[in-house]
Amino acid sequence: MKFGWATTGNEVVKHFKDKVSGSTFLITGPTPGGVGAESAKSLATGNPKHLILAGRTQSKIQPLIDELSTSHPNVKVSFVQLDLSNLSSVRAAAANVKTPLGGDKIDVAILNAAIMACPYATTEQGVELQFVTNHLGHFLFGNLLLQSDLIRSRVVVVSSLASQRKASLVMPHLEDLTYDHGKIYEPTVAYSVSKACNVLYAKRLAKVLASRGISAFSLNPGSITTNLQAYMTDEMRQRAIKEYMIENPNFKIPERKNLQQGCSTQLRAALDPSLAAVSGAYLDDCNVSETAEHKEAEPYMDQVWTLSEKLTGSKFDFGNQ
């Protein structure tokens with residue numbers, strides 16, 4: 001199969017149906033109308049054993065659960081409450097997922113949930129909300145699942161084109177994740193910080209999990225119109241595009257994808273066995289993509305991990321397991 005910009009999620013699932021059938025998948029942030037929900041619907045066509053949907057509010061996810069239960073009654077669908085901005089909720093979710101698993105393991109965890117370019121806000125710890133929701137919550141959730149030996153095969157971290165910013169611009173903000181208490185806060189820059197950390201988390205996971213045979217990937221799903229852009233004004237978008245073009249004169253505004261095209265990249269990252277040989281890779285338009293910006297950010301990989309451990313109050317040393 002040839003993969004590319006136009007590849008759909010259903011095509012990916014059909015091609016790797018043997019990797020879907022009988023397997024268990026966990027997806028964070030599967031809100032109807034979003035890429036996570038579309039991935040769940042595509043996976044359901046491949047007859048998985050179990051789909052675990054982790055979201056903040058069950059009432060928002062219930063329409064998807066009902067749809068899946070009607071269209072694919074043989075697929076078990078479970079909900080786990082998960083508020084990624086609240087580390088206590090993250091810890092509870094990592095423990096509570098054991099109940100629907102019933103002794104089974106998650107074959108692939110797709111860490112998909114995100115917020116984007118929201119007004120300045122911090123958690124109780126005083127850390128900027130996008131960083132906590134997009135990176136720190138997933139760092140803690142994914143690592144707790146791994147620590148409990150609940151993931152069998154693969155971790156997929158959904159990043160963004162916004163991760164492809166100059167490291168010299170975004171990574172110094174790790175020194176002050178309050179953004180001087182909001183005084184220097186730029187919503188799109190803070191989003192880029194969180195999404196760059198997604199990429200570095202996946203790269204570090206790939207290294208520490210290699211001996212356990214578990215792969216990790218990050219990816220850009222593409223430009224898709226979803227509720228993720230609720231706070232993104234035209235002015236913010238144009239300013240971000242201008243900044244991208246200053247940093248990279250070859251930058252081109254990406255063409256919009258529909259939801260099926262948007263979910264295909266994370267599904268290939270989740271399913272393609274050949275990708276195990278390049279664990280830690282970043283995918284774009286359904287293919288492995290190497291960028292100068294990510295290469296420039298790699299020296300920050302250990303700093304991101306250590307800082308994340310400090311902020312979550314948890315130490316993770318998978319190399320000794």
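Predicted model: local features only at pLDDT ≥ 70, side-chain atom pairs only at ≥ 80, totals over all residues.

The side chains of Asp 272 and Arg 268 form a salt bridge, with an N to O distance of 2.9 Å; the term denotes a side-chain nitrogen of Lys or Arg within 4 Å of a carboxyl oxygen of Asp or Glu. Asp 272 is buried, at 4% relative accessible area, and Arg 268 is buried as well, at 10%. Buried here means under 20% relative accessible area, exposed over 50%, and partly exposed in between, with a 1.4 Å probe and protein chains only.

Residues are numbered from 1 along each chain as its sequence is written, and side-chain values use heavy atoms, leaving out hydrogens and water.

The count of salt bridges comes to 17. One of them joins Glu 67 and Lys 41 at 3.8 Å, N to O. Glu 67 belongs to helix α4 (residues 58-71) and Lys 41 to helix α3 (residues 35-44), so this pair ties together parts 26 residues apart in sequence. Helices (H or I, at least four residues) and strands (E, at least two) are DSSP runs, numbered from the N terminus.

Another salt bridge, at 3.5 Å, N to O, pairs Arg 152 with Asp 104. Arg 152 is in strand β5 (residues 151-158) and Asp 104 in the loop between α6 and β4, 48 residues apart. Arg 152 is partly exposed at 40% relative accessibility, whereas Asp 104 is buried at 18%.

I turn to helix α7. Its 19 residues, 129-147, should span 27 Å at 1.5 Å a residue, and the end C-alpha atoms are 25 Å apart, which agrees; the expected span is 1.5 Å times one less than the number of residues. Of these 19 residues, 17 are buried. At the N-terminal end, Glu 128 caps α7, with a side-chain oxygen 2.8 Å from the backbone nitrogen of Gln 130. After the helix comes Asp 149, whose phi is positive, near 60°.

Finally, how many disulfides are there? The count is 0, where a disulfide is a pair of cysteine sulfur atoms within 2.5 Å. The sulfur of Cys 263 has its closest cysteine sulfur in Cys 286, 9.1 Å away, which is too far for a bond. Cys 263 is buried at 0% relative accessibility, and Cys 286 is buried at 0%.

Notes. Polar contact = N/O pair within 3.5 Å; in protein donor to acceptor, adjacent residues only side chain to side chain.
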